[in-house]
Structure formats: structure tokens, C-alpha cells
Amino acid sequence: MENSIGNNLPRVKVQNQFSIKEIVYKFGPISRIEIADRLGLTLPTITTSVSSMIKNGLLKEVEQDHSVKSLGRRTMLVDINENSRRFMGIEIRGTVRNGVIIDARGNVTASVRDENPLTDYSLAMKSAHIIAENLLEESGFSWDDIDGVGITTPGIVDKKQEKLVIHPGYKWKDKRIIEDFVSLSGYRGPVSVENNTIARAFALVMFNSKLLENADSLAYMFISAGVGCPLLNNIKSHFGHVTGDGEVGHMVMNPQGPKCDCGNNGCLEAYSSERVIVKNGENAAKSGISPFLSNVLAKKGFITIYDVNDGRKKGDMASSSIISEAIKYLGIAIANIDNFVRPECIAIEGKLFDDEENRKKLLEVIHEYLYNETLSDHRFVFISTDEYSGAKGAATVAIRDNLEVFLE
């Protein structure tokens, strides 16, 4: 029995330090006493672990804010030492690849973007490798300076087998992303892979948790070329864990609806994805039912989701119809998710909702279809579009997956 306890002591130490880092990431700068209270551990245990992490550079001491009134000696708080680690994150999509290097506090120190459409997997991976090398050149770092790499992609990711199971949009199946990246780059540090929407949710929890208003569960609705909405639980004091793959884009909204790329009819993506909104705008322009979009297409040769939304704002009937239909089905889907799961917070990110009027319309639809509307709008949080949010999420996953490594 004594041997068993003795053998478990190193593991207990590791777990305690991991829990402390979760608390500091979410609530730092924070006092040692508050860490002890939140974790239910003794102050000597916290003090010993924090001292060890300060010694290895992961944590640092900061003086309590001078605006806080206190008697006697000012309390020294604990926070993440942002300069202690550097992480690289790369988002791989067929339409675009993004990369960033962040410090241990999520601040971006370098960013690179490749907007060339690439539906071939091998070419997309080569692009990711070029982005990685360009990030090192821009930042002045070498691979030896990078403590972890995270890679994200749309689709279903199996973290245990470290592979992309399927990316339906480009028919990528059983891709060993980590192996392929290591083969191209030669990087020998830890590499993680994750779904790109799940990664965005973790980034919100780790680096912008104030937006969540102390919620303990989060659904993250991300609208892009597809639509994803993973659910994270146990996020109040921890980074949380994922429930399901979040592929709500293939939730069937109308069996008699338009054909989706997955082969089914009437999926949410077939109504509300950015790709479909742009496609519908192009069709309206080419058919002549939208003079506004016809003019845009003639001038630029292409149409964006912003063009369709501009048409709505300028009174173009076809544009208004396209946007309204997309918002309607998104609102119904979010209401269905809320009715079924009741997450304490639902975050919504998409270019369409950088527009305040579209946000209001979406909330109207959500409230129309909610089964039991007892909670206020603060549960629905809109995340401003950031072209690098997927790459930042990827780097965040690298931090989360490797926190236990950065102990001694």
C-alpha cells in the first residue's frame, strides 16, 4: 500500500501543477490563496508547486494592481509568463491556409496567410509547411524555439489516432496530418491535430473567458465554408472537454431541400454556409434577378459574402432573400441545439454576423423557436471575425495538449 502511494506521488504532483496552470490561465493574475480556494488544496501545496513553476519560467509574479486598496505589504499575484514558451498554429483549409506563432499568453508574434485555393491534400500540406518556414523567418525563431505545433482542419479528427478521418468538402479521408507535417518540416517537438472549430472554442475558453460570463458549458457555432458547432463542458475552472464532433452543418433542416455536398438534401450547410450564400449570389447575378450583384460580378469578376450583404443593406431584393434564408435556418438550428442541450453560453462566429442588423435578426429567429425562453440574451455571444482565429486556435491546442510537459 505504501509503495502504491509512493508511486502515485509524482503523478499527483503533475496533476496539481496542471490544475494550477488551468486556473492561472483562466483567472490570472491571481493570488496563491485564491488558487488554493478554487482547487481545494492547501496553501503549502500551492506555494511549493507555484515556486517550482516560477523557477522553470512558466509562471511569474506580478504586483497587485495599485487601484486595489490593501493594508500593509501588497500581495504578489501569479500569472503566466508570456515569454516562457512559443507555439505555432496552422489552419489547413482548401480555400486558405493561415499560420501564427503565439507566446504562452496567446499574443501573436508572427502571422502568415496563403489564399490560393487548394483542394488537393498533398498541395495543402506543402502550403502548410511553407507557411511554417515563413513564420520562422518572419519571427526570427528556429524550430528549436518552438515548444509545440498545433494543426487544425475542418472535418472529423481522431486525436487518439492523430489523423483526419474525413473532410467531406474535399473528400480527404484517413490523412495522417501529424506524420505528414513532421516529414515535411523535420520538426521534432510535440505536434497536435484538432478540428478547426473545436480549436476556436478552446482559444475562447483559454484566452477570452470573460466573454463567457462564468458559464460552465459552451456551444461554439462557426459559420464558414461549412458550419460546425462543438460543445465544451466543464469550462468554468478548466479548459473543458468536447462532447461530439459538432458537425451540425449536416443537420437535415428540410428533406426536400437543396442537395448538400455530403449527398443528403436540405442540410444546414446547403442553406446557410458562406459558400452557399456566395453561390446563390452568383446565380442571382448571372440570372439578372439581382441588378446590384450583376453589376458587382461584371466589375470584379467574382462575388463575396460581403457583396451579398451589401446588396441587402442597399435594398436589393434578391440579396435580402438570400441573407434572410441563411439567417432563418441558422436561427432554427441554434434554437434546436439550445432546446436539446441547453448550454450555458452559445458563441457565434461568422462574417455575416459582423453586421449588427444580422445579429439582431438571428436573435429574433432563435427566440421565435426556443422551447422555453427563460434566460436572457447574454447567453448568446457574437465573436468578431478574425481570419487567423483558426490558426490561433491551433496554437492554443498545442498549449493545452502539452501543458503537462512544461513542468520541471
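**Note on the sheet and its helices**

1. Helix H6 (residues 196-207) lies across S3, S6 and S10 and runs at about 105 degrees to S10, where contact means heavy atoms within 4.5 Å, and where helices (H or I, at least four residues) and strands (E, at least two) are DSSP runs numbered from the N terminus. Axes are lines fitted to C-alpha atoms, for helices over the stretch in contact, and angles run from 0 to 180 degrees between N-to-C directions.

2. The model is predicted, so that local features need pLDDT of at least 70 and side-chain atom pairs count only at pLDDT 80 or more, while totals for chains, interfaces and linings use all residues. Residues are numbered from 1 along each chain as its sequence is written, and side-chain values use heavy atoms, with hydrogens and water left out.

3. Helix H5 (residues 177-185) likewise lies across S3, strand S6 (148-153) and S10, and its direction makes about 135 degrees with S10.

4. The open sheet has five strands in the order S5-S4-S3-S6-S10, with mixed pairing; two strands pair if DSSP finds at least two bridges between them. Strand S5 (108-114) and strand S10 (191-195) are the edge strands, each pairing on one side only.

5. Within this sheet, strand S3 (residues 86-92) and strand S4 (residues 97-103) run antiparallel and are joined by seven bridges, and Gly89 stands opposite Val100 in S4.

6. Elsewhere, the axes of helix H8 (residues 274-287) and helix H9 (residues 291-300) come within 7 Å and cross at roughly 95 degrees. The contact is made by Gly281, Ala284, Ala285 and Lys286 of H8 together with Leu293, Ser294 and Leu297 of H9.
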